[in-house]
Amino acid sequence: MVRRPVAWVTAIVLFAEAIGIALVNWFMGIVVDRQDMSLAGLDSDVMSTSSKVAGLLFGLYFALCGVVALRVALRDRAPAGVGRILLFSAAVVHALLGAFTVGLVGWGAFAFMMVVLGLIVLIFMTYDRREGTVSDAGPDGGATGGGAADGGTANGSNGGTPVIPPPAPSAS
């Protein structure tokens with residue numbers, strides 16, 4: 001199936017992006033510090049330090065999102081709780097960064113942001129949580145199983161409860 005490879009690729013891309021963002025902001029901080037110029041009266045040391053700190057924090061954020069994607073790949077289960085929120089926020093961040101980069105950097109950066117956004121969204125789409133929900137109910141309201149060949153849920157377990165097929169229609 002495609003779920004695990006997508007999660008692996010997403011984790012690798014997010015780790016690479018975390019390193020890239022941290023390095024770019026660190027480089028920008030060094031450049032601002034060596035320029036010894038001010039922007040709207042701000043001290044260059046403050047701008048340099050804030051660029052370096054922002055780069056490290058943003059890099060840590062993407063690395064944490066990469067850890068969540070790596071965990072999804074290793075466990076082959078959908079992200080839950082804080083991990084799910086982190087990946088949702090990373091998707092929103094990539095959508096917004098894509099919108100900004102198309103005008104500032106160009107179409108190549110926009111394409112990269114959209115690829116990463118697509119990978120994150122694909123994690124959510126491939127790990128749907130519809131196993132054993134109301135959509136599996138038959139016409140009489142009884143469960144018909146989770147869609148697996150053994151009558152259980154997609155992962156082969158049915159929570160310890162027997163799956164009883166609906167009664168066959170009587171010929172009268």
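In which helix does Ser 44 lie? Ser 44 lies in helix α2, and the legends below take up this residue and several others in turn.

The model is a predicted one, in which local features need pLDDT of at least 70 and side-chain atom pairs count only at pLDDT 80 or more, while totals for chains, interfaces and linings use all residues. Residues are numbered from 1 along each chain as its sequence is written, and side-chain values use heavy atoms, with hydrogens and water left out.

**View 1. The whole chain has four helices and zero strands.** Helices (H or I, at least four residues) and strands (E, at least two) are DSSP runs, numbered from the N terminus, and reading along the sequence gives the pattern α-α-α-α. Of the 172 residues in the chain, 31% are buried, where buried means under 20% relative accessible area, exposed means over 50%, and partly exposed lies in between (1.4 Å probe, protein chains only). Contact means heavy atoms within 4.5 Å, and among the contacts in the chain with a separation of 6 or more, 61% are between residues 24 or more positions apart.

**View 2. Helix α4 covers residues 107–126.** This helix has 20 residues and reaches 28 Å from its first C-alpha to its last, close to the 28 Å expected at 1.5 Å a residue; the expected span is 1.5 Å times one less than the number of residues. The buried residues of α4 are Met 113, Val 116, Leu 117, Leu 119, Ile 120, Ile 123, Phe 124 and Thr 126. What covers these buried residues includes α1 (3–35), α2 (44–75) and α3 (82–104).

**View 3. Thr 10 lies in helix α1.** With a relative accessible area of 1%, Thr 10 is buried. Leaving aside residues up to four places away in sequence, Thr 10 touches Ala 69, Leu 119, Ile 120 and Ile 123, and Leu 119, Ile 120 and Ile 123 are themselves among the buried residues of α4. The side chain of Thr 10 also reaches the backbone oxygen of Val 6 at 2.7 Å.

View 4. When residues up to four places away in sequence are not counted, Ser 44 touches Val 32, Asp 36 and Met 37.

**View 5. Asp 76 lies in the loop between α2 and α3.** The phi angle of Asp 76 is near 55°, a positive value in a residue other than glycine. Asp 76 is partly exposed, with a relative accessible area of 26%.

**View 6. Val 82 has its place in helix α3.** Val 82 is exposed, and its relative accessible area is 62%. Although Val 82 and Val 68 are 14 residues apart in sequence, they are 9.2 Å apart in space, C-alpha to C-alpha.

**View 7. The second largest pocket is lined by residues that include Glu 17, Phe 58 and Leu 97.** Also in the lining are Gly 20, Ile 21, Val 24, Asn 25 and Met 28, and the largest share of the lining, six residues, comes from α1. On a 1 Å grid over the protein atoms alone, a pocket is an open set of points where a 1.4 Å probe fits, with protein on both sides within 12 Å along at least five of seven lines, and lining residues have an atom within 4 Å of a point. The volume of this pocket is about 230 Å³, a volume being the space filled by probe spheres set on the points.

Terms used: Polar contact = N/O pair within 3.5 Å; in protein donor to acceptor, adjacent residues only side chain to side chain.
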